[in-house]
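My entries follow in the order in which I consulted the model.

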Amino acid sequence: MKHFFAPTSVAVVGASARAGKIGHDIIRNLQTSGFAGAIYPINPKSPEILGLKAYPSVLDADGEIDLAVIVVPAVAVLPVMEECAQKRIDSVIIITAGFKESGPEGIELEKELARIAKRGGIRVVGPNCLGIIATGSGLNASFAPVFPKAGSLALMSQSGALATAILDWSVQNGIGYSKFVSFGNGVDVGVVDLLRAWEDDPETRVIVAYMEGLPNGPEFMRVAKEVSQKKPVIVVKSGNTQAGARAVSSHTGSLAGSGEAYTAAFKQCGVIRAHSVEELFDLAVAFAYQEIPRSRRVAILTNAGGPGIMATDAVETAGLELAPIGADTVAKLRTKLPPASNFHNPVDCLGDAGADRYNFTAETVLADPNVDAALAVLTPQTSTQPYETAEGLAAAAAKYQKPMLACFMGGGAMTGAIDLLGGHRIPNYPYPERAVQALATMVRYREWREEPEDPIERFEADIEAVKAIFRSARAEGRVNLGEIEAREVVQAYGVHMPKSRVAQNAEEAARFADEIGYPVVMKIVSPDILHKSDLGGVRVGIRGRQEAMDAFELMMLRIRRYAPNADLRGVSVQEMVQTGREVILGSTRDPQFGPLVMFGLGGIYVEVLKDVSFRVAPFGRRHARMMIDEIRSAPLLRGARGERPCDLDAIVASLLTLSQLVTDFPEIVEMDVNPLKVGEPGQGAVAVDARITITEQSQ
Ligand code: ACO
């Protein structure tokens, strides 16, 4: 990828002498951005463009070409690519639109483009993109009208238009970049290549990305996890709404959109997700400018009561801690601050504080060993001196080498001070919540990096038994497994199910019920009936022989009447699991990431409140535990307000088992274990019902 970012020579194919043409702008950009290498305008009609000798084709250029920027109409791109291959150019940016984004012909054209590139050993950025900027080598191989200053952010964007908006905004706000890539359709170079290119790039401290989709989810997860260990990767992912009208047969399927899969995958590989471009830059600037705090303990400095309280609330909501201000620090603060000040966190030096008092407070608090980061809040009163305060803060942050974020709130009164802070790499946020969010994200990132590996455990499982069940269902032309078969599958993976036997007549039903012990549940067994209770095919709480025999006869009668063509295989008599909290576990297959496992509380919690969490399988014990903690109703499982706690270890074990099952069998399209009844700690969990849908072909 070196020639994309530090070429010694660049050809622009489709360069134009006519102002207003993209091929003209790119030459001018290369000339004005400080690029020191050779520039070869390529144009069959013009001998000279913008003072540079032009050539009819890359093949006519007298020197070697490291990078070609193609900006000819779509129909001319493939022949130009062939010439690039002949000239042994290994890196090409294709600005031209009109490929796969434009319909069937474009799709074919792009496929052919990929073939030529592969054959010629050419790496391609684009087509349909804005181009590349690399500030370190003064390279503006794009038609962006601005060139950002050098900095430590590297940005990749699937959208060229968004990239230009971001660039323009960045220039206005003094945000610097190391590299900037708009990769458009991503026929070749995409997110994963750029992560790899920047993971060890000394100019890049933070990688930021705007993405709409990924060609290969598992590969992204593997690479992003490695890169995130080295530097933060912050992503805005658009297109998060429920995936179209997909046919789903399970609860899990109906609750899992592509947004859930991305959210889970990002968590599992340490990628920091921003939910808007605004948040992307709130976070990126904090990471780029400041060191990551050593701990969650933060001090709030303020000259304003209200904003100080807002910051305090935000700190608590974000899971940070207000650093306890030491007695020595308080004593020192008392020597200079008015008695009405607040000497404890949030430290309030009052609204009439000038720069001297505010900066004395900042110095003193930052010196406290309990404080690992600071948020400096300032509002403009008559005696406030924003500029001098900013100077003092910058000096204090430099002296104590502790991360500092600022929240100078206001308008015109603050502008100069905010610029000064930016010059000292102290990011300023207009509201305390945004600053705290950035700080909390930094802390969480550190904690993620310091976590030990979450190993994937394997449990004993009867894989052959599961294969046989799938085979026999397919042999009968079915992809929906009946309850009995689904039970056998999860049991083969060691999940406990209630005792159960299938009776063929009323006498047998009564005998099995006697053996299992009352009360029992009776359910019709038929691969053709998915919603048994709708047809009167489920009876719970059967307490005696006669009731069991009557239930059998009645069920058979009803099913024969309401579903005369159903393949009836008897009635299952099951132990009735009476106690335990009902939870739901399930899995669905995400087109990008593969098996996605879901967890939630049963009943209305999942159906009405959609209170569920997801992970991409396989995952380890820590992520299984996080799935439980992430649902809003987790306190109920832990035992809140007189509720008995649940056997959380049993839930974790069930989640890990499910993770292994759906990883071992990619042919499981969807499944629910619903409900899993969980006893008190030590009592385990029992899967009362299960449902599985498989693919038509084995995989
Ligand atoms: N080799 C060299 N030069 C050639 C060749 C060739 N094979 N064929 C044509 N040229 C020259 C032309 O003669 C012309 O030069 P001239 O001005 O001296 O006559 C120049 O290349 C450009 O060709 P035109 O036919 O004038 O094409 P034009 O500049 O109008 O359009 C472009 C080309 C810009 C690539 C267009 O096809 C296109 O794709 N536009 C959309 C670009 C885009 O939006 N990309 C996505 C960006 S991301 C975002 O959304 C911001």
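**Entry 1: a term, and the chain as a whole.** Before reading any bridge partners, I noted that two strands count as paired if DSSP finds at least two bridges between them. I also noted that the model is predicted.

I looked up the overall content and found 24 helices and 30 strands in the protein chain. I recorded that the C-alpha atoms fill a box of roughly 100 × 80 × 35 Å along the principal axes. Of the 699 residues, 55% are buried. I then took the contacts with a separation of 6 or more, and residues 24 or more positions apart account for 70% of them.

**Entry 2: the four-stranded sheet.** I traced an open sheet of 4 strands in the order β21-β24-β22-β23, with antiparallel pairing. I found β21 (500-503) and β23 (538-542) at the edges; each has a single partner strand, so one side of each is left without a neighbour in the sheet. From one strand to the next, the twist averages 20 degrees.

I then followed the pairing of β22 (residues 520-524) with β24 (residues 571-575), which is antiparallel and extends over 5 bridges. Which residue of β24 is the bridge partner of Val 521? I read off Gln 574.

**Entry 3: the seven-stranded sheet.** I traced a second open sheet, in which 7 strands follow the order β9-β8-β11-β10-β12-β13-β14 and the pairing is mixed. At its edges I found β9 (139-142) and β14 (272-274); each has a single partner strand, so one side of each is left without a neighbour in the sheet. The twist of this sheet averages 20 degrees from one strand to the next.

I looked at both pairings of β11 (residues 177-182). Strand β8 (residues 131-134) runs antiparallel to β11 and is joined to that strand by 4 bridges. Here I noted Ile 133 opposite Phe 180 of β11. Helix α6 (residues 191-199) packs on the sheet, touching β10 (150-157), β11, β12 (206-211) and β13 (233-237). I recorded an angle of about 160 degrees between the directions of α6 and β10.

β10 pairs with β11 in the parallel sense, over 6 bridges. In this pairing Met 156 stands opposite Val 181 in β11. Is β10 mostly covered or mostly uncovered? I found β10 mostly covered, with 6 of its 8 residues buried.

**Entry 4: helix α3.** I listed the buried residues of α3 (residues 74-86): Ala 74, Val 77, Leu 78, Val 80, Met 81, Cys 84 and Ala 85. I noted for the spacing that an α-helix has 3.6 residues a turn, so residues three or four places apart point the same way. The buried residues of α3 pack against β1 (9-13), β5 (67-70), β6 (91-94), α4 (104-120) and β7 (123-125). After α3 comes Arg 88, for which I read a positive phi near 60 degrees.

**Entry 5: two helix pairs.** I found α14 (residues 386-400) and α15 (residues 415-423) packed at about 15 degrees, with axes 8 Å apart. This angle makes α14 roughly parallel to α15, and their crossing is right-handed. On α14 the contact is made by Pro 386, Tyr 387, Ala 390 and Glu 391, and on α15 by Gly 416, Ala 417, Leu 420 and Leu 421. I sorted these contact residues into 6 nonpolar, 1 polar and 1 charged.

I turned next to α12 (residues 327-336) and α13 (residues 355-367), whose axes come within 10 Å and cross at roughly 170 degrees. This angle makes α12 roughly antiparallel to α13, and their crossing is right-handed. I recorded Thr 329, Lys 332, Leu 333, Thr 335 and Lys 336 of α12 as meeting Phe 360, Thr 361, Thr 364 and Val 365 of α13. By class, I found 3 nonpolar, 4 polar and 2 charged residues in the contact of α12 with α13.

Definitions and conventions
Residues numbered from 1 in each chain as written. Predicted model: local features only at pLDDT ≥ 70, side-chain atom pairs only at ≥ 80, totals over all residues. Heavy atoms only, no water. Axes fitted to C-alpha atoms, helices over the stretch in contact; angles between N-to-C directions. Contact = heavy atoms within 4.5 Å. Parallel < 35°, antiparallel > 145°, perpendicular 65-115°, else oblique. Left-handed = near helix turned anticlockwise from the far one by under 90°. Nonpolar A, V, L, I, M, F, W, Y, C, P; charged D, E, K, R; others polar. Buried < 20%, exposed > 50% of the residue type's maximum accessible area, 1.4 Å probe, protein only.
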